[in-house]
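Here is a walk through a two-chain model, written for someone who would rather look at the picture than read a table of angles. Keep the structure open while you read.

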Amino acid sequence: MSLAIHIVLLIALPLLLSCVIRKTKALMQGRPGPPLFQPIFDLVKRFRKGETVSSTASWIFRANPLVGLSIALVVAMVVPWTGAEPLARGSGTADLILIVYLLAMARFFSLLAALDTGSAFGGLGASREAALAVLIEPSILVSLSAVALASGTMDLSVALQSPVRGTVALLSGSAFLLAALAELSRMPVDDPTTHLELTMIHEATILENSGRNLALIETTVALRTAVFFGVGVQILLGKALRSPDNAIVSAASSAAAILMLGCLLGVLEGIAVKLNWRRVPSFVAFSTALAVMSAFVAAVGA
Amino acid sequence: MIRVDAVPIEPADWESSVPERARRKGWKYGHLTIRRAEGGKRLLEALLLNLDNGSAEIASTPIIDGGSKFSSVTSAIPAAHWAEQAVGDLWGLHASGHPRWKSLILHEAWPPDKFPFAVSADGPPSPRESKFLTVGGQGVHEIPVGPIHAGIIEPGHFRFSCIGEIVANLDIRLGYVHRGVEARLAAVPLRHARHVAESASSDSAVANALAHAQALEDLWGLEGPKRAAAVRTVALEIERVANHFGDLGALASDIGFALGAATFGRLRGAALGFGQTLSGTRFQRGFVCPGGLAWEVGDAQLRLLTQSLSELKPAAADACEILFENPGVQERLEGVGILKPSLADEFGMVGPTARASGSPYDARCHFAHALFPGLAVDVATETAGDAFARAEVRRKEVFSSLRLIEEVLAALPQGGSLVKTPETLPPSKTAIGIVEAWRGELIHWITTDEQGKISRYAIRDPSFQNWTGVAIAVRGNLVMDFPLINKSFNLSYSGSDL
């Protein structure tokens, strides 16, 4: 029952979340914006379109979207980001290190694919994304480790659902969400809506993708966004959202919290100014500092 | 009326005499081009402007028959370097002594033997060279951008040589929208010319139409009605306000500041609406014409305009606060894309770009067009020369233009708005129209032959001077900041490619 809820949310939430972000952003700018479900319409449209592939691209370029989506699906299945019970709970599949480096592998493939087409922007984007990944990794790893430390297990499927002290939850949850903004290429680190190739980070790596290929990547991005938000919400508010005897209530409250976070991101993207590239390291450093503090509290206070 | 004096110069003296004349106190370089005089002879001409009394002089020297060279003045007047390259492209001539000779607008994509203004009697043309400046050294890589861009903007190719994320050099290649506007202007019937002149750069339709009209009226020695001059002023300032709003919004969108982009986008729409109220079309095309205005403006329209102006002012003040008082915006714009005053001056920057780098030059204070220079203009200057300074100049100009519009509307003369203009032009005369367009000093330069036909129509768009400023300002900055720096100049591609 609980696994069924997890799968339903896994399909519905990512799409809904991108709709909510886009609509809130439009409202923040004082314009009505496109219809709420426009991102879904766009996705359907892209799945039905043909694609253009650069003649210099190899199999890596075609394989990348599938690799990315598969990894995102595996992670989404085993990590309890929806508040409901994930697949193979407690079996150790959702090992912290495994999850973080599965995601790193997806990034490795996306960088290779970006270089694969031989376009100048692909190389530019790949080099920036690699630099960013190096910065973010410690923060994600340490903030999750703090939760693991506090709950006594490296298995995220258990750790995220066990009661953790408020201070640790607050510190590691905020550290994780701040790092997630950079990891997901959202404002203020990257502007996902820009058309200016020279300013892009993530977008520059997928400039050559079109049609189905692009639709797969966008699905992956939506899924990853939902999973990261979900994990952040579970760390921050897990205790309050869980209701031990009713799986539907815990899942519904988690979903509501994730969508609320989406609204917050929409507000942020509406009013924020993109950071100067030179200032991005200090933004990530802030998140890393929070993560280290949370790990310290978890280690000392346990 | 702008007085134009002719100064014939011996070919041997050209190189020394022109810079000397341009450096006199109160004078500045305007433009440099070639025209065909009586008997098919080619005359090299330099337009020099006198800011003290609002007059001009044209230094000219013949190109020797069969010759394919002229002496360059770029080393002494760097502001002339693009003009000399353009002459090379269009006439098949070589500027000897030019420090960086290459084709400007007719590059590799064009047939190598195409020299639009050259005729066979001129002798063999000097071949064109298209090449990018290459930067050597370890780790230097090139990023080619364009000519097709992701947004709906004009085509242009930018070649960056970068060291990591830092721009070492930028080479700009325009020339993808060459329409032969100057040649067309000399060929079309006079009554159609104003529509062609407006299209030189259509986002400056009023400014181009006004410069065209002023030059023709000067040729005829004719003065338009007072009411027309006043309405022309309003039209020109509306164009300035609308485009400055657009630029500020575009700056906001380039730094990912969605709120600012939306707010200024809305204001630009409102200002374009003023254009529609005044002239019937948002971009005010076909409105300003030689002899006055193409149609009358009714009192009801003027009342509506005055009323909507008073509503716009507080909205504009609020929007500027959102943008300029935001610390994030300040951080992104300050110190980015610095154009030093000395370089801005040397390379002949005009308009807001020049004023953001400390120059007090505003053509509205010196040269006769519409009600100027009789109308007092607050010249907006900044000294930092960075993207923030260029934004700040635009902000100041928006409010001073709004004030000017109100002032002119409050005391609008009554009477007709059009005088009848002659069918033909006087023979063998030269006139220039100078307008402070929203991008800066715009020059239309008309010369007629013995039959009273236009023999040469030259347009010097402000962008033609300012593109070099972009290339200079972007050096040493992050590649990521280029779109922002480029937008802080916001130059016309088509206007530089006539």
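Start in chain B, where β2(B) and β3(B) make a hairpin with five residues between the strands. Gly39(B) sits in that turn, with a positive phi of about 75°. Keep in mind that this is a predicted model.

| Strand pair | Sense | Bridges | Facing residues |
|---|---|---|---|
| β3(B) and β4(B), residues 55–62 | antiparallel | eight bridges | Leu48(B) and Glu57(B) |

Setting aside neighbours within four places in sequence, Leu47(B) is in contact with Gly30(B), His31(B), Ala56(B), Ile58(B), Ile432(B), Ile443(B) and Trp445(B). Leu47(B) also belongs to the largest nonpolar core, which has 158 residues. Leu47(B) is among the members that touch the most others, along with Ala207(B), Leu210(B), Ala235(B), Ile238(B), Val288(B) and Ile432(B). The top contributor to this core is helix α6 of chain B (residues 226–254), with 15 residues. Both domain 1 (4–104) and domain 2 (202–459) of chain B put at least three residues into the core. Apart from it lies another core, of 80 residues, including Val147(A), Val164(A), Leu181(A) and Ala251(A).

Now zoom out to the domains. Chain B is split into domain 1, residues 4–104, and domain 2, residues 202–459. Their C-alpha centres are 28 Å apart. Where they touch, domain 1 of chain B brings 15 residues and domain 2 of chain B brings 17 residues. On the domain 1 side, β2 and β4 of chain B each supply at least two residues. Which strand gives the largest share of that side? That would be β2(B), with six residues. By class, the domain 1 side has eight nonpolar, four polar and three charged residues.

On to the place where the chains meet. There, 23 residues of chain A are in contact with 23 residues of chain B. On the chain A side, α1 (2–28), α5 (120–151) and α10 (247–271) are the elements that give two or more residues. α10(A) gives the most, with three residues. The chain A side is made up of 10 nonpolar, seven polar and six charged residues.

Finally, a look at chain A against its database record. An unreviewed UniProt entry annotates "transmembrane region" over residues 66–84, 96–115, 130–152, 164–182, 247–268 and 280–300 of chain A. Two of these spans make a handy check. Residues 66–84 of chain A are 68% helix and 0% strand, and the end C-alpha atoms lie 26 Å apart. For residues 130–152 of chain A, the figures are 96% helix and 0% strand, with 32 Å between the end C-alpha atoms.

Technical notes. Residues numbered from 1 in each chain as written. Chains lettered and ligands numbered in written order. Predicted model: local features only at pLDDT ≥ 70, side-chain atom pairs only at ≥ 80, totals over all residues. Contact = placed C-beta atoms within 7 Å. Helix = DSSP H or I, 4+ residues; strand = E, 2+ residues; numbered from the N terminus. Nonpolar A, V, L, I, M, F, W, Y, C, P; charged D, E, K, R; others polar. Pairing = 2+ DSSP bridges. Core = buried A, V, L, I, M, F, W, Y, C linked by C-beta atoms within 7 Å. Buried ≥ 20, exposed ≤ 12 C-beta atoms within 10 Å, placed from the backbone. Domains from an automatic or database assignment. UniProt positions renumbered as here; feature names shortened; annotations may be inferred.
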